Amino acid sequence: MTSDRDLEGRVALVSGSSRNIGRAIALELAQAGAAVAVHVRDSVEAGAAVVAEIEAAGRRAVLVRGDVADPQAVDAIVAAACDALGGLDILVNNAAIRRETAFADLAYAEWREVMAIILDGAYLLTRAALPMLARSGAGAVVNIGGLSAHTGAAGRAHVVAAKAGLVGLTRALAIEFADRAITVNCVAPGMIATARLAATTGGEPAHHKDHQPPVGRRGQPEDVARLVRYLAGPSARYLTGQTIHANGGLFLA
């Protein structure tokens, strides 16, 4: 069970939180009482709108900007969040790009770009945040994976590999961080109704067209956000190293 203010007094950083699932997570954590660092790389106006929405609801928020694939920028992102909000208890590694390219046409530069943002970004942010998370006494890291990391998908070798890497990172860090009272879990969304920008994501993934969740609808970003809130909160302190699927029954194995 979660209360209306189960994250009161906590501080969260959500990477890639200007829109879609990241935005929903930032708003959900704020609703639960957390102060939230809303992270963007380029979408400053959209990120500022999320901050304004949180502040309008009487919660604390700050906009932090930087490239999660750049080690120096990541250090600055975490420092800015901690300086503005007074610490860090919750890290949500959500930043991602979701390209769709046939493997035969997949250039190394594109492979590295996707890996750098999704997997390297999670590594860099978690490493930079670790001292503050350990100081929290009840730290939580939530990595946002994806259904295709478990099912595969044509044209998405780089995204699938990066998201699968998050599962391995989650398991390794859950064991390594346990004695510092930090939980590490992964949420794997599937078939979520989000706005996809053709220029950066390739639009609607081809593998979505032939699938329908057994529950009869696509998920909403809020469905994922509520799960992240639970994993970040006091009721989930015995959960760590897990990948939890939010896909309306598409993946049942």
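**The whole chain**

Begin with the charged side chains: the mean positions of the 24 positive and 24 negative charges of the protein chain are 3 Å apart, where Lys and Arg count as positive, Asp and Glu count as negative, and His and the chain ends are not counted. The place of each charge is taken as NZ of Lys, CZ of Arg, CG of Asp or CD of Glu.

Bear in mind that this is a predicted model, in which local features need pLDDT of at least 70 and side-chain atom pairs count only at pLDDT 80 or more, while totals for chains, interfaces and linings use all residues. Residues are numbered from 1 along each chain as its sequence is written, and side-chain values use heavy atoms, with hydrogens and water left out.

Now switch to a cartoon view of the protein chain, which has eight helices and seven strands; helices (H or I, at least four residues) and strands (E, at least two) are DSSP runs, numbered from the N terminus. Along the principal axes, the C-alpha atoms fill a box of roughly 45 × 40 × 40 Å. The radius of gyration, taken over C-alpha atoms, is compared with a globule rule of 2.2 Å times the number of residues to the power 0.38; for 253 residues a compact globule would have a value near 18 Å, and the 17 Å of the protein chain agrees with that.

Of the 253 residues, 51% are buried, where buried means under 20% relative accessible area, exposed means over 50%, and partly exposed lies in between (1.4 Å probe, protein chains only). Among contacts (heavy atoms within 4.5 Å) with a separation of 6 or more, 76% are between residues 24 or more positions apart.

Select residues 35–40, which form strand S2, and colour them by accessibility: six of its six residues are buried. In a regular strand the side chains alternate between the two faces of the sheet. In S2, Ala35, Ala37 and His39 lie on one side and Val36, Val38 and Val40 on the other, and both faces are covered.

Continue to strand S5 (residues 139–144), which runs parallel to S4 and is joined to it by four bridges, with Val142 as the bridge partner of Val92.

**Along helix H4**

Which residues does Leu133 touch, leaving aside its neighbours within four places in sequence? Select Leu133 in helix H4 (residues 108–136) and show its contacts, which are Leu88, Asp89, Ile90, Leu91, Gly139, Ala140, Val141 and Ile182. Leu133 is buried, with a relative accessible area of 0%, and its C-alpha atom is separated by 13 Å from that of Glu176, 43 residues apart along the chain.

Pro131 is also placed in helix H4, but at 48% relative accessibility it counts as partly exposed. A distance drawn between the C-alpha atoms of Pro131 and Glu113, 18 residues apart in sequence, reads 27 Å.

**The loop between S6 and H7**

Move to the loop between strand S6 (182–189) and helix H7 (198–201), and select Met191 there. Phi of Met191 is near 55 degrees, a positive value in a residue other than glycine, and Met191 counts as buried at 4% relative accessibility.

Ile192 lies in this loop between S6 and H7 too, and at 7% relative accessibility Ile192 counts as buried. Not counting residues up to four places away in sequence, Ile192 touches Ile21, Gly219, Gln220, Pro221, Val224 and Ala246. Ile192 and Ile21 are 171 residues apart in sequence and 8.5 Å apart in space, C-alpha to C-alpha.

Finish at Asn20, in helix H1 (residues 20–31), where phi is near 55 degrees, a positive value in a residue other than glycine. Asn20 is partly exposed, with a relative accessible area of 24%.

Terms used
Pairing = 2+ DSSP bridges.
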